[in-house]
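I looked up each item in turn and recorded it below.

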Amino acid sequence: MNMVLGFLLTLGILIVVHEYGHYKVARWCGVKVLRFSIGFGKVIWRRQAHPDATEFTISAIPLGGYVRMLGHGEPFPAERAHEAFDAQPLRRRAAVIAAGPVANLALAVLLYAGANWWGNDVPMAIVSTPPARTLAAEAGLTAGDWVQASATQAGEWEDVTSMSDLLRQVTQAALQAEDLQLQVGDSDGSHRRQLTLRLSTLAGQDIDASTFQRIGIGVPFRPPVMGRPTAGGPAEKADVRAGDLVLSIDGVPVVDAQGLIDRIRAHPTGDVVPMHWVVERGGQRVELDVSSRAVTEGGKTFGRIDAPVGGPVRLTNVRFGLWDGLVRGVERTWEMAGMSLKMLGRMLVGQASLRNLSGPLTIADYAGQSIQHGLSDYLDFLAMVSVSLGILNLLPLPMLDGGHLMYYLFEGVTGRPVSDLWLKWLQRSGAFVLLLMMTIALSNDVARMLGLQ
């Protein structure tokens, strides 16, 4: 239910803002707006103040909307030329078309700012054990390191406020294939040192989930504390209890939950050769022989003991003042717009996989999850989608706002509009490209839901 409500709320807000941008600027330019529609297809609700006023409607298919203007590709009476869209000067037509994507980008600024003002308790940028042979491990990051600032080779140092902030900065550097300098310290902030994350080695590689596995950063630090075992499972049979702090396994120290999980998974034969655990329980050291059971999923076999692993993540409250929150909202929107363009460019030239395209099912899933996590997370998610929608609509593809702006650029340079024949073929090719993109995005959604990606 959260997924459906989140999806409808997200689409509703973004579509209304986008179309309102077109509507408002059209009115400012003196263009007559005949209909403001949310959705396509059969009209299920309408309101019109009087016969000559704009008709506001909600239609059955909520995957977009439109603003129908007098004289936009349709004949109009000569006496109403002053109100017709196609009779307006080029700069006014361009302003009306550009207003939709600009409204989405402006909304993103406000949403990011709102998330900054509201604040949220988020995981600190304290890393867990990086997997062997990852860039994080090669850089010297260890479990419990607190990343406090970062900088690219040519950039200034930027504070790292949370784990999500660290991932954002890593993603930016990875897209630019630039090494990232990290200032890290112990979990209490002491013993600072500087490390280098060699992200330049990712140049030319696809930036996807496998890339982040290669980087080795993403899971926040949690202490190796056990939760309540499942009745009848291997952990309960070995007398593992909730609250046990695991100190070592087979003589090898365990420093965090991720390391403990890795050790358990790497021991699928525990039912034959039990693991020797040393745990701390009530201030006393207790030794246990813990068996595991073998589980096979996706063609891989690993160990499982049927008990939750890991204590709570350390949280920090991130909140900004009025001006700082707004400035960071502008900066974050600019960064996300640049990242979106870079990713689209990489997909266009084949440097990034088309599997990165997401469709309505993924958006619905993330919308539901972000709503459950709180207002700040939802505002952040909504801002991200708003940026993506704004950038997508500015692409020079026929049928999108960017395609119309491309026509106007041609008209401004040549002094004449695009011919009707060319418009016809461009519209058809644009429709084909959009249909192809939607098909790929939807197939990616299905593959993710089935666990194939």
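**Helix α10**

I began with helix α10, residues 375-394, which has 20 residues and spans 29 Å from its first C-alpha to its last. That is close to the 28 Å expected at 1.5 Å a residue, the expected span being 1.5 Å times one less than the number of residues. Helices here are DSSP runs of H or I with at least four residues, numbered from the N terminus.

The model is predicted: local features need pLDDT of at least 70 and side-chain atom pairs count only at pLDDT 80 or more, while totals for chains, interfaces and linings use all residues. Residues are numbered from 1 along each chain as its sequence is written, and side-chain values use heavy atoms, with hydrogens and water left out.

The buried residues include Y378, F381, L382, V385, V387 and I391.

**α8 against α10**

I noted that α8 and α10 pack at about 50 degrees with their axes 9 Å apart. Axes are lines fitted to C-alpha atoms, for helices over the stretch in contact, and angles run from 0 to 180 degrees between N-to-C directions. The angle makes α8 oblique to α10; under 35 degrees counts as roughly parallel, over 145 as roughly antiparallel, 65 to 115 as roughly perpendicular and the rest as oblique.

The crossing is right-handed, a term for the near helix being turned clockwise from the far one by less than a right angle, anticlockwise being left-handed. On the α8 side I listed R332, T333, M336, A337, S340, L341 and L344, and on the α10 side D380, M384, V387, S388 and I391. Contact means heavy atoms within 4.5 Å. These residues divide into seven nonpolar, three polar and two charged.

**α4 against α8**

I next looked up helix α4 (residues 163-175) and helix α8 (residues 322-348), whose axes come within 11 Å and cross at roughly 40 degrees. That makes α4 oblique to α8. I recorded this crossing as left-handed. R168, T171, Q172 and L175 of α4 meet R332, E335, M339, K342, M343 and R346 of α8. The division is three nonpolar, two polar and five charged.

**L426**

Lastly I located L426 in helix α12, residues 420-449. I found L426 partly exposed, at a relative accessible area of 21%. Beyond its neighbours within four places in sequence, L426 contacts P398, Y407 and V418. I also noted 9.0 Å between the C-alpha atoms of L426 and G403, which are 23 residues apart along the chain.

Technical notes
Helix = DSSP H or I, 4+ residues; strand = E, 2+ residues; numbered from the N terminus. Nonpolar A, V, L, I, M, F, W, Y, C, P; charged D, E, K, R; others polar. Buried < 20%, exposed > 50% of the residue type's maximum accessible area, 1.4 Å probe, protein only.
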